[in-house]
Amino acid sequence: MSLLVSLLTLTGAGPAQAADPACAPLALAPFGDPGEAVGRATVAAQSSACFTVEATGAGLYLMTLDDSQNNAYAQLLGADGGEVDCYDDEYRAEGWCEVPAAGTYTVKVVNSGWVDDEETRLTVVPLGSATRGCADPVGTGWDEPAVIRNAASSLAVDCQAFEGRPGERIRLTQSTKVYGESVAWITDETGARVCEHFPEDGEDSCVLPGDGPYRVLSRVSRAESGFPAAYAVQVRRLDSPRGCATASVQPYGPLKGQDFSADPCYTFTATGAGPYTVRYVDEDRTTGAVRVYDADGLTVCRSGTDPCRIPGAGTYTAVLGQDPFAPSRDRVVVFDRASGAGCVATGTGLYRGELSTVGQYDCLALSAPQGARIAALTARSPGGPAPEVEVLDRDGTRQCDAEALAGGDCALTGTAPYRALVHTEDSGDTATGPYAVALHRTDVAEGCPVLPAGRFGADGAKATLTTGDGVFSHCLGIPATAHTDAEVFQLIATSGTAAAGFSVLDSDGRRVCERYATTHGWTVCSLTPGKAHTVLVTGRDEAAAYTLTRRDVTASASAAGCAKTPARKVGGPSVKGTYGAAGTLTCHQVTTGAATDVVHVNVRDAQSTASSAVVAGNGHVKCSFRAAACAATGSTTHQVLVQTPAGQQAAPTYRLDALRVATADGPAPECTRVPSVAYGYGPVTGTLDESRTAVCAVLPTAGFDSFDAEIKDTAGATTTAVPVLYNGEWRNGCSLWSSGHRCSAGGSATGAAPSLFVLGLPDKASGTAYSARLNCTASLCGPDRPGVTAVTPDSGAAGGKVRLTVTGTALGPDAVVELYRDGTTLTARTESVSADNRTLTATLDLTGVSAGTTWTVSVVQRGIEYQRGTFTVTEPQLTNTAAPRVTGTARAGARVTAAPGSWSAAPSSYTYQWKADGQAIDGATASAYTLPAALAGKKLAVTVTAVRSGWRSGTATSAAVTVAKGG
């Protein structure tokens, strides 16, 4: 055989026929190690090799190919050269050959690659029950040991018979000892897969069909550590399972009465339908939800589902995902969530407990009635377990989870009584230990200390809170008549490093705002008018101290120390402010004449650490906390909160720009009206300083317009002016990229969407000499589409230059006018474009162009050609540059002569016509003329016509002289 393979390798065998004597014989492989029944060949690119096999009968044969470059494929050909179907449609797998009859077949191995040789190995295994090598049957009980096998190679197919009966529901699993890929399937005597690939019910098991006997066929296609590769196959019966341990439904509290074992499954009895918690606990102190099956072996709950909703009374099976190569010792714990067994009665206040066993659930029986809202606060990152709390009603239905309980707005809507379950998902050393839960009613007054209203400034009222020595939470109250509609709440850690968070709830138990855990943070809360409120603060059970303040940020905020600051016109001065320490909130109440006014707000300082938020007079936040400009409207007062965030360096002072950029009548009159932004805007130049902080322009943009802002300081400073582009919703579309600012007009369509451009002072400088340009990032910006209406004039004189005017829309500086005739092109390039991009001018040079020719006119812009009529080249016109004169004495009887004057080009000849009082004199057409007595007293003039070949003649008339009487 090696000689034949070498021959194939040397000759690069081409497409082989079934009877090709060059094909090496290949024995059918048994189950298990194929031994010598492996066909090997080196196949050159775009070539093939072949083998012959003797099929012992009709049936399913698995043809497995291993190739070095993944460019090879195998075909099975009958004696007539026809290809045998070797594709499994359901599993989309190659190599599953339905051999129609016994006989000789050819296996053809093709290298479809273009460059590399393929080192190939191939086996053909009959999958029917007559193939030798199938292991003796094993049972399907859960206490049976896993079948451990060693795959000899990726070509080996193993066979394991098992004791299954038709109608039984079987669960098949396989796994490799080290990382790898394996496949296993249940079959009968045919070798075909008898279980659906993707069952409609999503089950991971199969009901045995037919009559049997049944086998599991398997192979390992890849093993990280190479071959031989150890792997395991487990065949387990799910309906009426045998060999499972028994678990009982536990009362809440410490777990008792069950040892750890290596049992892979447990059965438990449910007394009725409802939600249950079914989890494993192992010796490594980890826990998790398991998969649960009913008595028929159908899935009730998948792994990770908690709670598991049991459909009715009966026996159920919980299956653990055991690794046969490293079995763990586990146990299963089951709780009936509708049961109160083991619950401890408790009211509001602090409850202390201990999770003494891994997987333990504690139950607290609550006294709160239906409709109540409650909170359950737990210490943040405690030293022991991190307890998770959920609340159930009488039937075990979850009312709310840990997040709702921590926020304080858990609504009890189910049937009373209610229970709080406490457990932890922690593992290892933190899976057990003491815990504490603070329970509160948030829909009724609980006698919490009052949180007073404060002021902006160091003298404002505040609450001081401490944690440690078993204390990790506090509650504070706000009387119904002692708050405004919106207030800013600020929590500051004054000692210690532990973070704390808070939530605010009204007297209906509705959470109106919250702040995640922080050592220095704030948030604006919209409080419910006429309702009392509760503030819940949660930190850690470690030594720390905090202050909590609340301050008015509505239209009445000036009474709480918010400094009144009138909005200025665009180009007006900034307002100087003084910082406190980093983290201090300063407030400016910016006022304007009408709620329809739009105010541009920006805060700047020398450290570029200033951030701000803007709150309208009704308490709605218009601009969230940011270090960028924003626009506010809809109120006559806007509360601007200014802060250098805690942990950053605060400058001594800051500057506030509060500019009225628009009114109900439209953009401010100080803003330049720009007629077009088809190709961008600018450049514009000028200077800004603290007395003139910004300039603005109204841009006729369209939706989706985008611009790169090219801004520089013409005096050479590294800090440059900052752009803002407000869209129709007054959102700033400018953002800073590594290459500079990019500004988007926003909008949801390509139609007209005007925007307002504001150019303001840099953050770190109090002045700048700016040059700013917006470059359209697309081929065109604005609502106008390119178009050409007309090109004028439509004629011009040969040899000269003609100034062309093009009218249309979105005309750009790159447009050119082209004249075509008989393969010749004349080009006139754009010299100027009007501000509205509707008119451009270009100069056409007609030097050397013949008169009397007509040309086709086109305007080409951005690769698009617009044909617009014709252009006629005419003869040039002689024009008079110095008027003719009458020379000699104008007296009756005297002779006068016509001086022809000067012309634009040298005439070749002249003609003359003398005139008296403007009337031509018959016969007086010579350059000289003797005046008759009859002309005395009349006005004499001469008209000269200049003539030049190839030019149109020119005519000019002299100044008239009065003819005197003869002497």
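These legends describe close-up views of one predicted model. Residues are numbered from 1 along each chain as its sequence is written, and side-chain values use heavy atoms, leaving out hydrogens and water. Because the model is predicted, local features need pLDDT of at least 70 and side-chain atom pairs count only at pLDDT 80 or more, while totals for chains, interfaces and linings use all residues.

**View 1. An open sheet of four strands.** The strand order is E1-E3-E9-E5, and the pairing is mixed. Strands E1 (24–25) and E5 (72–77) stand at the edges. Each has a single partner strand, so one side of each is left without a neighbour in the sheet. Strand E3 (residues 47–55) runs antiparallel to strand E9 (residues 103–111), and nine bridges join them. Phe51 stands opposite Val107 in E9. Strands (E, at least two residues) and helices (H or I, at least four) are DSSP runs, numbered from the N terminus. Two strands pair if DSSP finds at least two bridges between them.

**View 2. Arg222 and Glu181 in a salt bridge.** The closest N and O atoms of this pair are 3.4 Å apart. Arg222 lies in strand E17 (residues 214–223) and Glu181 in strand E15 (residues 180–187), so the pair ties together parts that are 41 residues apart in sequence. Arg222 is partly exposed at 35% relative accessibility. Glu181 is partly exposed too, at 39%. A salt bridge puts a side-chain nitrogen of Lys or Arg within 4 Å of a carboxyl oxygen of Asp or Glu. Buried means under 20% relative accessible area, exposed over 50%, and partly exposed in between (1.4 Å probe, protein chains only). The structure holds 30 salt bridges.

**View 3. Arg742 and Asp708 in a salt bridge.** Their side chains meet at 2.9 Å, N to O. Arg742 lies in strand E63 (residues 740–744) and Asp708 in strand E60 (residues 706–713), so the pair ties together parts that are 34 residues apart in sequence. Arg742 counts as partly exposed at 34% relative accessibility. Asp708 is partly exposed at 30%.

**View 4. Arg821 and Asp822 in a salt bridge.** The N to O distance is 3.4 Å. Arg821 is partly exposed, at 32% relative accessibility. Asp822 is exposed, at 68%. Elsewhere, salt bridges that share partners join Glu403, Asp409, Arg511 and Glu514 into one network.

**View 5. The largest pocket.** About 640 Å³ of space lies here. Of the 27 lining residues, Met63, Leu65, Ala93, Glu94 and Gly95 are the closest to the centre. Strand E4 (59–67) supplies the largest share of the lining, five residues. The lining has 14 nonpolar, six polar and seven charged residues. A pocket is an open set of points on a 1 Å grid over the protein atoms alone, where a 1.4 Å probe fits, with protein on both sides within 12 Å along at least five of seven lines; lining residues have an atom within 4 Å of a point. Volume is the space filled by probe spheres set on the points, which are joined across faces, edges and corners. Ala, Val, Leu, Ile, Met, Phe, Trp, Tyr, Cys and Pro count as nonpolar, Asp, Glu, Lys and Arg as charged, and the others, Gly among them, as polar.

**View 6. The second largest pocket.** This pocket holds about 490 Å³ of space. Its lining has 30 residues, with Ala627, Val722, His741, Leu761 and Asp763 nearest the centre. Strand E50 gives the most, four residues.
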